[in-house]
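Subject: Structure for your review

Dear colleague,

Please find below the structure that I am handing over to you.

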Amino acid sequence: MSKELLQSRLITLIGPISIFAVLVLGGLLYASFGGSARDGLITQMLINAIIVLGIQIYVGNTGVLSFGHIGFGAIAGYAFAICAISPTRKNSQIPDAPFGLSEVDLTPFQSVLISILLTVIVAFIIGLGLARSGARSGSVAATVITLALLFVVHEVAKNWIDLTRGGKTGLSFSPLGNVTLQGRGWIYIALLLAMITARLFKETRLGRLAQAAREDDLAARAVGIDPAVQQMVSLLLSVTIVSIGSSLRVFELGSINPRLFFFKFTLLTLTMLIVGGRNSVTGAIVGVVIITAGSEFTRYLAGPSVDMAALDWILRSGLTDIFLGASMLGFMIFKPAGLLGDWELDNWLKKFIPKKETEEREQSRVGKDQIRDLQSLKVEGVVVDFGGFRALDKAEIRATTDEVVGLIGPNGAGKTTLLNVITGVVESNEGALTVNGKSIEGLQPHMIARAGLVRTFQNLRLFHLLSVRENIEVARLASPDAKTRLGTDTIEQLLHLTGLNDLSNRRARELDYGNARRLELARAAAANPLFLLLDEPTSGMSDHESEAMIHQVRSVASLIGAGVVVIDHDLNFITGICDRVYVLDQGRIISTGSPEEISRDEKVRVAYLGGS
Amino acid sequence: MTELIQQIVDGLGRGGIYALIALGIAVIFGVMHLVNFAHGELITVSAYSAYGLFQAGWDWWLIAPAVILIAGMTSVVIEFLAFRWVRGAPDFTMLMTSFGIHFVVQALFVMYVSANFRQFPRPDWIFNTVKIAGISFEVFDVAVIFFTLLTLIATFWILQKTMFGISLRAAAEDFDAARLMGVRSDRIIRGAFALSGLLAGVAAVFWLMRSGQAGPTAGLTPMLKGVLAALIGGLGSLGGAVLGGVTLGLVEVMLISRLPEGLVGLTDGIVFLLIAFLFVFRPQGFISVRRAERV
């Protein structure tokens, strides 16, 4: 880790540590004015914060809505209870426990470790299933799998009476001695650990890649990100934190039963996460505090101490549930990103820390163009049938890394389909695809990107919530092999070449059309491909902009030493940029040659203008 | 053999109810791309309506059509109050919204009725048996199968022959194109919610005849079964939803009759596990609705 990176990570830590301090000190202060009931409330709040942070790691970074985390919590809670309850108590509560578990006698700390281990193993299996189901942001199959987990765990806990003592009574510990709130060091340690883990994970390479896949699954694959890997890592990390929190929850309550980790608790934790902003660690804590305070207040209002006959119709039991449900619903309808969106305290604090960067940036602008051996892309005899329609009929193109190759043709000629075949988005019925003689046939899109073919999208697929710089940074980091990645200075160069340096901290969704197209180009280049495959890079641009794009594409390509295959309708652009042009019509290559030769070709004229 | 036929009829009876719920979920998914986890609330509302009407002295013959109408109207009201605002929102938002509605409705009943279940009488004929071709069946199963078929035929007739049905299918195929062709999106979505509510109402009548109780969580199990049926059938495919419902019913009955005594309590758990496995290998369900993403 470079010194610079270490420094920026340390600054990042200021955020979680100060939030932790405020939360704990505030909690202790509040509790010191009240009786033991307040101690209990603050304890619960801090533990819920740990669990919500755990859920945030998965839901926030991947965008997959999970109802299963409380199911994982139930597994962890039971594992903890069964390990930590003393053998004498177990012999009276669950004398017939399988595997001789009633004789097990472990310390709470050992029990937490066992509970993490067990839960992570289960999560790994579930994670494989989620990956198989093609989980991505908002995908229903994934949510239902997690929901199924919650129910299965609940059913098992209710019915496996030998192990769990069933649903009525549950398991209980011998009462914990009198430990003051300040004395519960384990909670503070766990909370700090959870905060730092959640916050740092957002900044790590894996975290960033997960967020990119959350924003756009297909675009992430196209630059070489395999979302399944990120999702699995997020899941395991998130479940680890949830296990710690759940074990603590059981430990503090002194008992466990199946209802403790079911729908109600799921509602509570998810509402906390959503109200604060699921993409923000700071937000998760804000949500926990607001919802805890709100629930407490509504409970007080609905309780016997408030007696207002006029408001009797609303101040009654169930008010807390309404509060939770309405918060969830209200935020989804009016402010789905939550109060804070993806705002983090430390990012805000960073603005006040002076930067010393100007010289470095100026230097790197000089740029060293990457020199590569000549590489080739061959597409031969590709046939694609959509039902009865033959979209591509033995199409073939060749390109080398020292040239810009154009692909033109009337609408519906099959240009984008050909690009989709090359990048693995559409499967071909016949044909061969090779990069430098190596077949890339049948590879997943992210493997094709890693083999050196990275594309842009005609209909713009940027990572909307990430900044311009982050869009490029993520693509640079996509390759799992650090040796094949471009240097960090390339980001500045790409920003400079595409004219985006002034916009580098803007979110991608705020960009206008032209800038969004240029960012597509810069992002694709940052993945360090052998070939840039550009799908209508000038569509929607003014003449002036598309003329500038000629130079931008050429300089970006020469910076990374890549060849270019470009589809476009703008003939000035194509003539200006291409060394060679292929003309595609009705799925067939009908002509090829230099732009001048093409413009004289009779067949091309007929294809475009019709007639004979 | 006799036993197997009895089980199949029993399974079809169960599955018919699931199919109606799943069909409603599929209809809404078609027009809004929303998996409605609040669909079960229609059954909760139906349950309380049935309970209330019993208190008022009504009989099942009158309660049944009333419940169906109430479910249809409730569905439209929920769309008007909540779903209208998240049309076209990202999938995550819509999923969460439907769960939000689920929790709010549940809480409203806790607040204004009771957290406890209320009982009402089941029709006295539901445990009667009838002999057909020498095999005895429960009258209830036969009735469910008959009315489910009737409802399905009516629904598919509406979808195939009426202007509303054709617009709805067109909207399900390609919403933007349908709008360009003059289909009024407001009306179609409202209509889809009404249709889906009426289907839930029919399912609710049978569900309640068997359960005979109303509670805040009454809709949870039928909702889950319906969503699962719609998913295993292939989301968005109307035929798939029916197929999924019937399959789910049959699998459940087969499991219950074959599992050893101690494991019967785990039937739902095992079904969930099977379904989770199915998604792992076929996330798109039985009938895959191609939604080509334009790239």
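The largest nonpolar core of this predicted model has 191 residues. A nonpolar core is a set of buried Ala, Val, Leu, Ile, Met, Phe, Trp, Tyr and Cys residues joined through side-chain atoms within 4.5 Å; buried means under 20% relative accessible area, with a 1.4 Å probe and protein chains only. The residues with the most contacts (heavy atoms within 4.5 Å) inside this core are Leu53(A), Leu191(A), Phe37(B) and Phe83(B). Helix 8 of chain B, residues 185-211, contributes the most to this core, with 15 residues. Helices are DSSP runs of H or I with at least four residues, and strands are runs of E with at least two, numbered from the N terminus.

Leaving aside residues up to four places away in sequence, Leu191(A) touches Phe20(A), Leu23(A), Val24(A), Leu46(A), Ala49(A), Ile50(A) and Leu53(A). A second, separate core has 61 residues, including Leu462(A) and Ile598(A).

Chain A comes to 25 helices and 12 strands. Of its 612 residues, 58% count as buried. Cys83(A) counts as buried because its relative accessibility is 9%, and Cys578(A) is buried at 7%. The number of disulfides (pairs of cysteine sulfur atoms within 2.5 Å) over all chains is 0.

Residues are numbered from 1 along each chain as its sequence is written, and chains are lettered from A and ligands numbered from 1 in the order in which they are written. Because the model is predicted, local features need pLDDT of at least 70 and side-chain atom pairs count only at pLDDT 80 or more, while totals for chains, interfaces and linings use all residues; side-chain values use heavy atoms, leaving out hydrogens and water.

Yours sincerely

Technical notes. Buried < 20%, exposed > 50% of the residue type's maximum accessible area, 1.4 Å probe, protein only.
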